[in-house]
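Student: I'd like to learn how to read a side chain and an interface in a model like this one. Could you walk me through it?

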Amino acid sequence: MSEPMKTLLAPDRNPSLEKYLARGGYASYQELFKKSPKEVVDMVSTSGLRGRGGAGFPTGRKWSFIPEKSQRPKYVVCNADEGEPGTFKDREILEGNPHLLIEGMVACGYAIGSNQGYIYIRGEFYAGYLRCVEAVKEARAKGYLGQSINGKFAFDIIVHRGAGAYICGEETALLDSLEGERGQPRLKPPFPAVEGLFRGPTVVNNVETFASVPLLLINGLDWYKSFGSPNNYGPKLFAISGNVTKPGVYELPMGISFKDFIYKTAGGLPKGRTLKAVIPGGSSTSLLLPKQIDIPLDYDSIAKAGSSLGSAAIIVIDDSNCMVMTAKILTEFYHHESCGKCTPCREGLSWIEQIYHRLESGQGKASDIPLLLDLCDQIVGNTFCPLADGAVPIIHDTIIHFRSEYEAHIAGKCCEQKH
Amino acid sequence: MKSKTVFSEKLRADILQLKAMYPIAQSALIPALHRVQEEKGHLEPNSMLEVAQLLGIPPIEVMKTGTFYTMFHHKPVGKYRVQVCVNLTCSMLGGRHLLSHLEEKLGIKDGETTSDGLFTLIGVQCLGACHEAPVVQINNDYHSLVSEKKLDTLLSSLRSGAKR
Ligand SMILES: Cc1cc2nc3c(=O)[nH]c(=O)nc-3n(C[C@H](O)[C@H](O)[C@H](O)COP(=O)(O)O)c2cc1C
Ligand code: SF4
Ligand code: FES
């Protein structure tokens with residue numbers, strides 16, 4: 001099955017609150033308030049829902065880390081900093097379906113005993129920001145947010161804009177940014193569940209993670225688990241871009257055929273082109289080659305193939321692309337976004353970028369290939385946060401699988417493709 | 001150092017209102033800087049001092065945060081900030097060619113502003129809209145599937161003051 005699904009999560013531009021209600025919006029509150037907070041956490045745990053922000057951490061387990069009693073207020077923080085190249089699914093929810101996000105954040109607040117939520121939205125998403133602000137007002141006016149939701153529970157949300165910094169997607173950098181600081185990752189532990197926003201216990205989840213919870217509450221565990229396989233359940237949003245004829249965001253059951261998704265749902269490659277490689281989960285994930293994509297599209301299958309589902313952002317690369325330039329472009333990105341806190345990332349990425357510029361201008365040396373691999377080696381595992389680790393796969397993989405293109409660049413016979 | 005007031009009553013009131021929304025005043029800093037920039041175009045030292053005063057936080061905190069984020073400008077920028085995505089999907093589909101096209105057409109480099117103060121050209125990282133690549137953001141508005149021709153039309157309509 002590669003036909004897109006149509007649950008509340010499906011991309012839907014233009015849903016006013018009325019339309020959202022007509023589609024069954026806010027129906028999850030009836031189920032939610034029938035349960036105890038602990039029952040809600042247990043249900044999310046049993047559903048197997050995994051975080052949709054990139055790391056795939058089990059959501060129920062994350063919620064269960066929040067202490068029941070706390071001196072300081074607890075917080076629910078939505079990570080809407082979406083900035084991983086290739087990723088554009090959260091924007092669909094923020095601009096098209098913000099009430100679903102609100103509904104999911106209320107469920108989290110109720111489950112962990114928090115009365116205040118924040119949506120941290122990247123500064124560039126101005127339309128999404130305005131839509132979320134409006135949705136919060138609408139929800140307050142109708143009692144879906146505020147002092148007495150269903151006469152049972154108080155919860156409110158502040159929508160907060162960032163100002164341009166990919167690193168603020170890292171959850172602790174995000175919290176610092178929300179406190180008005182530079183967005184630089186914090187030392188862990190303490191983890192946000194213990195000491196997060198304003199030093200209170202905090203859940204940080206991705207937009208789509210929160211938006212998945214109402215589906216689960218409304219339709220129940222059996223329904224949820226009827227999609228996908230153990231450890232990989234649920235409907236999910238997949239973003240596909242690059243060299244396909246129908247790029248976009250699709251809601252699909254977890255576990256459909258990766259190949260069908262590219263060739264059927266997303267319309268396949270432009271005429272006359274052949275597939276060179278696929279980035280399966282956002283720019284930080286390892287390349288998959290054409291022979292590796294005959295697999296189910298889910299967390300475990302992609303991990304088994306040697307990469308990661310990450311943020312489910314698939315970039316399709318065809319034979320019109322130079323892989324050296326592909327790696328160069330992403331290296332420039334990671335270098336630009338390095339927060340500067342630790343040396344291997346700040347200096348290492350700068351050095352790697354210089355090497356790519358050398359290769360681009362035809363000044364590359366044979367020793368550049370082992371040098372790049374060596375620099376990658378020195379970065380992985382030696383940095384303060386995973387940003388720099390994310391820069392490495394595209395460099396490493398393009399050298400391993402497309403070494404001849406590097407050699408051609410060094411021999412001065414590089415492709416015509418200058419970026 | 002005490003700065004003289006450079007803000008309007010309304011701007012001061014808006015910043016104080018932002019401050020009241022959060023448990024700690026500094027959380028209102030980024031929203032406040034957005035608000036100031038919206039009104040004044042860029043962040044001058046005097047503006048940052050006044051934000052510090054209004055929020056009751058040390059000026060150095062405002063400087064530290066204000067200089068970290070790419071969306072904050074510390075020098076005057078054009079009326080229209082033309083932000084061309086140069087990340088992967090957009091580059092695969094012509095984004096960087098759009099940037100060079102504009103450099104040539106406007107006679108400025110990435111990061112510079114035209115002498116009439118109308119356009120600032122900025123190559124930016126992934127705008128989170130890769131399915132609409134190549135993407136150009138002008139001020140707050142996204143433009144998708146942009147071609148050289150579409151861009152030319154867009155700029156001339158901005159130039160002639162006919163807002164979209
Ligand atoms: C450099 C970096 C950037 C990240 N960007 C995002 C992002 O834009 N959105 C997001 O939800 N998670 C992002 N993450 C992951 C978050 O740190 C965190 O794992 C996530 O928000 C947790 O939510 P989840 O469990 O619902 O996935 C990023 C991580 C790193 C290291
Ligand atoms: S790895 Fe890079 S982004 Fe992460 S803390 Fe170090 S310098 Fe900052
Ligand atoms: S690469 Fe340009 S919007 Fe994502």
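Tutor: Happy to! Keep in mind that this is a predicted model. Let's start with one lysine: a polar atom of the A:Lys276 side chain sits 2.6 Å from the backbone oxygen of A:Asn321.

Student: Which side chain makes a polar contact with the side chain of A:Lys276?

Tutor: That is A:Glu405, at 2.8 Å. Setting aside neighbours within four places in sequence, A:Lys276 is also in contact with other residues, including A:Leu289, A:Pro290, A:Ile317 and A:Phe402.

Student: Now the interface. How many residues of chain A are in contact with chain B?

Tutor: On chain A there are 56, in contact with 40 residues of chain B. Together the two chains bury about 3,800 Å², with 58% of that on carbon and sulfur atoms.

Student: What about charged pairs and polar contacts?

Tutor: The rule finds two salt bridges across the interface of chain A and chain B. A:Arg91 and B:Glu132 meet through their side chains in a salt bridge, 3.9 Å from N to O. Between chain A and chain B, 16 residue pairs are in polar contact, both residues at pLDDT 80 or more.

Student: Which elements of chain A supply that side?

Tutor: Among them are helix H5 (89-96), strand E4 (153-161) and helix H12 (323-337), each giving at least two residues. H12(A) provides the largest share, eight residues. By type, the side of chain A that touches chain B has 24 nonpolar, 19 polar and 13 charged residues.

Methods:
Residues numbered from 1 in each chain as written. Chains lettered and ligands numbered in written order. Predicted model: local features only at pLDDT ≥ 70, side-chain atom pairs only at ≥ 80, totals over all residues. Heavy atoms only, no water. Contact = heavy atoms within 4.5 Å. Buried area = accessible area lost by both parts, 1.4 Å probe. Salt bridge = Lys/Arg side-chain N within 4 Å of Asp/Glu carboxyl O. Polar contact = N/O pair within 3.5 Å; in protein donor to acceptor, adjacent residues only side chain to side chain. Helix = DSSP H or I, 4+ residues; strand = E, 2+ residues; numbered from the N terminus. Nonpolar A, V, L, I, M, F, W, Y, C, P; charged D, E, K, R; others polar.
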